[in-house]
Amino acid sequence: MTTTAPPPGEPGPDQPPRRFGWSRLPALLRLGPGLRLALAGLLMLELLSYATVLVQPQVVKWLLDSVSRGASFVPALLTLAAVALCSGVLIVTSSYQLGKLGQRMVLGARAGMIDALLRARVSTVQRRPIGDVLSRIGSDTTLLQHALSEALVRGAVAPVVLLATVVLMALSDLTMVLVLLAVVAVGAGVEWLILHRLAKATEAAQAGVGEMLTGLQRVLLAFRTVKAFGTEADEARAVVGQARLACRQGVRAAGWNAVVGGTGWVLMDIMFLTALGMGGARIASGAMSVSDLVAFLLYVTYLRTPSAALTQAASAMSEGLAALARIEQIQHIPAEPDDQDASAEPEPAPADDGVPAGIALDGVWAGYEDQPVLSGVSVHVPRGLTVVTGPSGIGKTTVLNVVERFLELRRGRVLLDGVDIRAFQRGELRRRLAYVEQDAPLLGATIREAVGYGAASPGETELLDVVHAVGLADWVASLPDGLDTAIGERAVAVSGGQRQRLAVARALLRHADVLLLDEATSQLDADSEETLLRTIAEQARVRIVLAVSHRMTVASQADLVIVLDESGVRAAGSHRELLRSDPLYRRLASTGGTR
Ligand SMILES: Nc1ncnc2c1ncn2[C@@H]1O[C@H](COP(=O)(O)OP(=O)(O)OP(=O)(O)O)[C@@H](O)[C@H]1O
């Protein structure tokens with residue numbers, strides 16, 4: 001027995017996200033194609049719109065000076081109106097562009113995650129709670145959008161605007177500016193300390209939402225069981241409890257966010273009052289004119305916007321980088337590795353090398369994380385129908401997982417018609433296999449889509465043929481829209497048995513070399529099972545059919561039955577031989593088989 005190591009290089013679902021850091025800021029810009037260029041254009045627009053604002057106090061000063069000199073103030077007033085109009089147009093344009101860029105960034109992040117998930121190994125995705133994955137794709141990405149608009153654009157423009165404003169103020173009164181800068185330095189220090197706590201609280205809040213969604217998804221998947229056991233109230237309490245936890249963590253984050261924003265506003269008020277007090281004293285001493293003080297105070301009020309932008313940028317960036325850490329955990333899930341030497345058409349085994357046709361497991365060791373399941377299993381599955389049976393949890397499905405390469409071998413090899421399956425490119429290997437998994441999930445909105453899933457535009461006759469082969473022709477004909485009848489999201493409108501038969505029909509449509517069936521008849525009545533078994537027997541004449549089953553009705557039709565137990569392959573032979581020779585098989589036949 002041995003242990004299958006978890007895939008290398010991937011953080012497990014329970015591992016905390018990597019810590020955020022400002023050095024990872026460029027990672028935000030890699031989330032979508034052309035983001036850097038679009039961002040540069042947007043920064044220019046924002047700077048222009050701020051410039052139109054900064055020019056206004058100078059025009060106001062011109063207007064006031066004109067009035068005090070007794071000259072016409074109309075040119076100044078018209079200039080002020082034109083500047084204000086330009087400013088409005090620029091603000092609207094940059095706002096729209098910012099929203100557009102944010103959506104592109106969200107799309108980039110989502111596409112990256114979806115792509116990574118669908119390319120990942122089966123075992124890797126199965127280990128992740130689905131609710132948590134959905135929360136990362138749905139809500140963490142929107143935090144990124146906020147980080148882009150508040151931090152990358154407004155936050156990046158703000159220092160330039162602040163500098164320009166301060167320079168304009170310094171030209172008017174350097175002493176007052178130096179005093180105000182001292183006030184700013186103290187406030188910025190305080191805010192910096194708060195930001196770290198905000199990032200931590202955001203990370204916890206997002207993780208809380210993920211846990212709530214995971215809990216809710218578990219309940220919805222087992223909804224009938226919940227109803228049947230009358231545990232609605234308990235489950236609602238548990239999920240709402242998780243929602244409350246997420247809420248508490250969200251409130252904590254909102255609290256720190258408010259503190260960051262509030263600190264900024266208080267700082268601005270202190271600056272305004274300081275400027276007003278000092279300016280009043282300087283007018284009294286004749287060191288400053290009234291129009292200079294008005295312009296200076298206007299600049300102080302204009303400082304409010306870029307300063308607030310800066311504090312909001314800092315908090316949005318903290319939140320965004322915390323979300324980015326969670327997003328990257330998904331995006332960095334390694335894909336199923338490409339096999340260096342694999343090819344679409346590996347050399348077939350020479351006819352005279354003694355390797356029999358069919359599937360051969362040769363000293364196979366495989367398992368899940370820390371749970372070994374197959375330990376040195378060797379078995380040959382010839383053409384025809386082979387049934388794998390054995391006690392529950394012994395590793396029957398694992399055998400199918402190994403053939404599909406959902407699981408990598410620790411040791412040993414699996415041969416398909418004499419060729420090591422690792423010599424095939426993964427996609428090519430899977431094209432040669434048709435698999436019906438135990439729960440027989442259906443994908444597609446209608447019966448046509450569900451049966452034709454994965455096939456390149458199957459014809460009407462072909463679809464009807466496979467539906468007929470699994471004994472569903474009359475049922476489909478009785479439906480108002482036939483093949484185009486809609487089925488529910490998880491195919492709730494079809495019974496368990498119908499679902500299984502549709503899944504087998506979908507597999508038949510692949511015309512694959514190998515048919516892998518995992519308890520494909522477990523929910524069928526005797527007549528339906530008989531029809532399906534006839535079809536399976538026909539299939540077994542032209543291809544390898546490897547069926548996992550507990551049912552004696554299936555085993556009795558098989559050319560070969562393989563019995564697994566803790567030691568591996570315990571016995572192999574025909575149904576009749578095994579009934580005679582193997583006590584475990586006899587016991588399984590009398591208790592496990594349904595008929
Ligand atoms: N994705 C997984 N991660 C971890 N362990 C798993 C996973 N799938 C199966 N196992 C474990 O591996 C063992 C073999 O599982 P497998 O599904 O192959 O058994 P089985 O013989 O098909 O069972 P059954 O007849 O009940 O369907 C079981 O102990 C199971 O708990």
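I looked up the domain bounds, and the assignment, which comes from an automatic or database source, gives domain 1 as 33–331 and domain 2 as 359–591. Taken over C-alpha atoms, the centres of domain 1 and domain 2 are separated by 55 Å.

I noted that this is a predicted model, in which local features need pLDDT of at least 70 and side-chain atom pairs count only at pLDDT 80 or more, while totals for chains, interfaces and linings use all residues. Residues are numbered from 1 along each chain as its sequence is written.

**Helix H2**

I took helices (H or I, at least four residues) and strands (E, at least two) as DSSP runs numbered from the N terminus. Gly70, which follows H2, has a positive phi near 80 degrees.

**Cys247**

I found Cys247 in helix H8 (residues 232–284), and it counts as partly exposed because it has 16 C-beta neighbours inside 10 Å. I also looked at Cys247 and Ser549, which are 302 residues apart along the chain and whose C-alpha atoms are separated by 47 Å.

**The four-stranded sheet**

I traced an open sheet of four strands in the order E2-E1-E4-E5, with antiparallel pairing, where two strands pair if DSSP finds at least two bridges between them. Its edge strands are E2 and E5 (419–420), each of which pairs on one side only. E1 and E2 are joined by eight bridges, and Trp365 stands opposite Ser375 in E2. The hairpin of E1 and E2 has two residues between the strands, and Glu369 takes a positive phi near 40 degrees there. E1 (residues 359–368) is also joined to E4 (residues 411–416) by five bridges, with Leu416 in E4 as the bridge partner of Ile359.

I listed the residues around the ligand (C-beta atom, placed from the backbone, within 6 Å), among them Ser123, Gln126, Tyr368, Gln371, Lys396 and Thr397. The elements that give two or more residues to this shell are helix H4 (122–127), strand E2 (371–381) and helix H10 (396–403). The largest share, three residues, comes from H10.

E6 runs parallel to E7 (residues 514–518), to which four bridges join it, and the bridge partner of Val436 in E7 is Leu517.

I then turned to H15 (residues 496–508), whose 13 residues should span 18 Å at 1.5 Å a residue, and whose end C-alpha atoms, 19 Å apart, agree with that. Eleven of the 13 residues of H15 are buried, including Arg499, Arg501 and Arg506.

Methods: Expected span 1.5 Å × (residues − 1). Buried ≥ 20, exposed ≤ 12 C-beta atoms within 10 Å, placed from the backbone.
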